[in-house]
Amino acid sequence: MIPFTYARAADTADAVRRGTAAGARYLGGGTNLVDLMRETIERPAALVDVSGLAAAIAERADGGLLIGAATRNTAVAENKVVRVRYPVLARAIVAGASPQIRNMATVGGNLLQRTRCAYFYDADGSRCNKRAPGQGCDAIDGFSRSHAILGASPSCAATHPSDMCVALAALGAVVHLRGAGGDRMVPLTDLHRLPEDHPETETVLEPGELITAVELPALPFAARSAYRKVRDRSSYAFALVSVAAALETGEDGTVREVRLALGGVAPKPWRAWRAEDALRGRPATADSFRAAAEAELADARPLRDNGFKVELAKRTMTAVLDELTGGQA
Amino acid sequence: MTTGRHQGSAAVAIGPESWGPGSRPDPVATRKHGPVGAQVSRIDGPLKVRGTARFAAEVPMEGMAYAALAYSTIPKGRIATLDTSAAESAPGVVLVMTHRNAPRMNQPPGFLTAAKAASGDDLPVMQDDRVHWNGQPVALVLAHTHEQAQHAASLIQATYEATPAVTSFEQARENGVEQAAFAGEPLSFQAGDAEAALAAAPYQVDLMFRTPRHNHNAMELHAVTLAWDGDELVVHDCTQGVQHVAWSLAEIFGIREEQVHVSAPYVGGGFGGKGLWQFQILAAAAARLAQCPVRIVLSREGVYRTIGGRAPTEQRVAIGAQADGRFDALIHTGTVVKTRHNALAEPFITATRCLYAAGSMKLGIQAAYLDMLSNTFMRAPGEAVGSFALESAIDELAERIGMDPIELRIRNEPDNDPTSGLPFSSRHLIEAYRAGAERFEWNQREPRPGVRREGMGMGTATAQAQIAAERLGLPLDQVTFTYGESSLPGAVLAGGSQQTASSGAAVVAAHRELVAEILKLAGDGSPLAGLGRDEAGAVDGGLCDLSDPQRWESYASILTGAERDEVSAEAAAPMGARGIGEIGITGVGAAVANAVYNATGTRVRDLPITLDKLL
């Protein structure tokens with residue numbers, strides 16, 4: 001019941017013009033933003049509905065894909081090219097939400113969804129630096145079972161909730177942006193910021209900047225890719241740990257190319273660069289996989305209740321890589 | 001009430017003496033062809049499907065206002081300041097009620113303290129500035145719409161003078177415990193010297209178990225629509241106990257029981273959580289103050305903040321046994337937390353009182369006190385969490401003795417109720433164990449943990465599709481098998497093969513029903529005319545006469561002839577009629593924990609069983 005205006009953007013230029021007004025927020029499927037407005041955690045003065053803008057999935061000459069930001073998650077997961085060339089993405093989306101949510105949620109909105117940290121949601125009873133900058137954080141010393149073990153700061157350990165983004169991080173997706181200053185492209189792995197002292201600033205987006213598309217580069221070996229989400233229930237739950245992986249092995253049994261990203265463990269979709277570096281050129285064996293996972297988790301800093309995620313992440317990474325080698329490792 | 005045989009029995013006699021042991025069977029109950037047991041449509045089914053069954057939140061009343069609550073954010077103390085000005089001037093607001101202007105009301109009669117006492121606690125409702133739990137309503141807003149009320153409630157600003165509160169189990173126990181009671185009876189029982197017998201027994205287990213708080217989560221949010229007509233109060237409620245709520249509201253408002261008219265024809269899930277709580281009392285108070293009908297529908301948050309759930313427990317189960325399995329000692333003791341303002345201590349020894357014979361027995365529950373929302377009944381109160389501890393311990397003992405856990409239970413089957421000595425009115429536990437063991441292929445169980453590797457998941461769907469395809473005479477790709485995830489835990493009871501067997505039995509039974517339905521549709525001119533369901537077989541996408549397979553007609557042809565495009569049947573493994581809601585939760589925790597142990601070698605004695613405990 002906090003008043004706000006609503007307008008459907010006629011086109012991208014119209015959206016950006018409206019979106020740069022003070023207090024304006026872009027509205028995609030509304031599956032997260034509308035919830036947060038009901039909880040009065042988000043209080044936009046104006047909603048600019050961009051769900052009617054570009055929603056095409058276009059094949060590019062180099063074998064990549066360009067996915068319009070307004071494309072519904074269901075459309076991406078069901079797209080035949082996605083399913084054949086980037087199965088990790090289709091599986092992550094299906095693991096991410098119920099069909100009803102997937103039917104509404106847009107690709108752009110998924111990138112910008114906010115944490116489900118219970119302290120962030122508890123506006124009446126808890127302190128949260130993300131919701132009220134400088135207020136303090138009740139999660140760090142509180143019930144931290146779902147919180148981050150990598151990339152957190154003393155001011156925030158909330159995890160990024162998206163499954164889709166974990167797959168996009170592994171695939172090296174590039175985010176296309178349009179703002180008042182023109183167009184630019186940002187790698188997905190650089191879109192989200194780590195919290196440091198300003199957890200309220202979650203992305204590198206400029207005020208009013210609009211996500212127009214997500215580009216998937218050609219990545220032939222991603223045809224062999226997988227997503228595994230480990231959670232308390234097999235449906236309707238966020239990841240405790242998730243792993244997106246693509247693997248290419250040579251005829252000599254060594255790892256030629258690998259992509260790895262983690263969900264549920266960090267404030268952003270976590271590309272496992274260290275593990276990838278540790279694996280390239282190594283034998284595609286369980287020992288190598290475990291060593292790579294150890295390397296990635298070396299800097300893990302668990303809180304009171306989430307220490308199990310360190311071992312869970314290592315085991316899940318090892319298991320997914322094992323699955324991609326046909327379980328022979 | 002669903003869980004409320006205790007509460008129900010307080011208001012209504014349990015039953016005629018002829019229901020007791022040794023009495024003659026009721027001739028109607030033994031009649032085989034009456035309406036009971038026949039396949040009938042739910043009488044209220046069409047109303048519910050069409051949305052015309054009116055639940056408490058749907059009954060219209062002229063001039064009605066909508067209520068919303070603001071809740072305390074500290075567990076104990078006093079309200080220091082309460083600024084309602086923004087709420088009062090918000091759009092559509094009719095009334096803001098706080099302890100400053102609420103009508104004077106009597107203390108609610110706490111559940112279990114009188115025959116028809118229904119209130120979750122006996123705390124005064126919005127009568128002073130004291131706060132007793134985090135989430136206690138501190139203000140109520142009435143407005144022309146639900147949304148206006150919610151918004152205005154969010155504008156109420158409260159500050160508090162907090163006093164130290166006890167909010168953890170450990171803290172509560174350190175402050176001291178007291179003997180717990182249930183409906184006035186102490187929750188304790190002793191026969192012989194169980195500790196000495198335990199110490200002397202050749203086989204022993206002595207284990208601690210913990211169970212967490214459980215919140216009520218009925219699909220229908222708690223709601224009430226009510227109005228005053230002079231001194232008469234008309235209440236459209238979602239309660240499980242209409243008479244209890246009527247009597248209790250009469251006590252609170254100082255009127256006669258007959259002046260309160262409570263109806264609750266449809267309850268969208270109760271499970272013990274739909275009694276009398278502050279929302280009904282506050283709605284009636286606001287209706288009196290504003291002189292208009294009032295509706296309140298709690299948000300899910302509101303349910304968590306103001307409707308009690310099952311209290312946490314900490315239980316010790318110790319059993320001393322002989323090599324032949326016979327129990328020398330059975331000890332089940334422990335601590336529950338509750339508030340000073342409610343009468344229910346979670347009675348986790350209720351199942352232990354009647355399950356096993358033992359040479360000596362010691363049962364007892366102590367209560368520790370928290371500053372929290374009062375706890376209450378939840379499905380299978382006592383038994384649900386008590387059986388988790390007891391039956392987990394028995395499995396651990398069975399392993400220690402090296403005896404099959406079913407056999408161990410059978411060896412300790414009592415002749416009479418072991419604590420009262422009275423004969424059982426009805427007891428079929430051994431039969432049930434044996435029947436279950438047979439269906440689960442229990443004898444093929446691998447008792448060593450962590451050995452059996454086969455899983456479920458896609459294997460189940462495929463196996464069931466295979467069974468269905470074979471039965472239906474269809475290629476596999478024309479069969480879709482779907483199964484609810486919530487049904488999966490049942491399969492854990494006895495390891496990997498049980499689900500296939502039990503679901504398969506249901507598929508086979510359903511197929512038999514389906515053949516009968518299809519034969520009914522086959523016309524007089526059909527080659528199948530006159531066949532009984534056991535004389536017909538499925539082949540090549542149709543049915544044939546088993547004794548003459550040339551007599552065949554396709555499903556498509558039969559359905560076309562009958563001008564139908566689908567035919568359906570359903571079946572489950574046949575069972576006797578029993579209230580299964582509570583049975584479905586009693587013992588299940590232990591069964592799952594025991595199966596998890598069998599699968600992984602890890603014993604979890606601290607619920608919930610989450611994956612981190614298995615790493």
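The side chains of Glu195(B) and Arg316(B) meet in a salt bridge (2.9 Å, N to O), a term that requires a side-chain nitrogen of Lys or Arg within 4 Å of a carboxyl oxygen of Asp or Glu. This pair joins distant parts of the chain, with Glu195(B) in helix α7 (residues 194-200) of chain B and Arg316(B) in strand β16 (residues 313-321) of chain B, 121 residues apart. Helices (H or I, at least four residues) and strands (E, at least two) are DSSP runs, numbered from the N terminus. The model is predicted, and local features need pLDDT of at least 70, while side-chain atom pairs count only at pLDDT 80 or more and totals for chains, interfaces and linings use all residues. Residues are numbered from 1 along each chain as its sequence is written, and side-chain values use heavy atoms, with hydrogens and water left out.

**Salt bridges and the interface of chains A and B**

- Over all chains, the whole structure holds 55 salt bridges.
- Between chain B and chain A the count is one salt bridge, formed by the side chains of Arg145(A) and Asp612(B) (2.5 Å, N to O).
- On the side of chain B that touches chain A, helix α5 (residues 146-154) of chain B gives the largest share, three residues.
- By class, that side of chain B has two nonpolar, four polar and four charged residues; Ala, Val, Leu, Ile, Met, Phe, Trp, Tyr, Cys and Pro count as nonpolar, Asp, Glu, Lys and Arg as charged, and the others, Gly among them, as polar.
- Ten residues from chain B and 14 residues from chain A take part in the contact, which means heavy atoms within 4.5 Å.
- About 1,000 Å² is buried between chain B and chain A, with carbon and sulfur atoms giving 67%; buried area is the accessible area (1.4 Å probe) that two parts lose on being put together, summed over both.

**Helix packing in chain B**

- The axes of helix α12 (residues 383-401) of chain B and helix α20 (residues 588-600) of chain B come within 7 Å and cross at roughly 35°; axes are lines fitted to C-alpha atoms, for helices over the stretch in contact, and angles run from 0 to 180 degrees between N-to-C directions.
- Residues in this contact include Phe388(B) and Glu391(B) of α12(B), and Ala593(B) and Tyr597(B) of α20(B).
- The residues of this contact divide into four nonpolar, four polar and three charged.

**Helix packing in chain A**

- Helix α12 (residues 286-296) of chain A packs against helix α13 (residues 308-324) of chain A at an angle of about 145°, their axes 9 Å apart.
- The residues of the contact of α12(A) with α13(A) comprise five nonpolar, one polar and seven charged.

How values were computed. Chains are lettered from A and ligands numbered from 1 in the order in which they are written.
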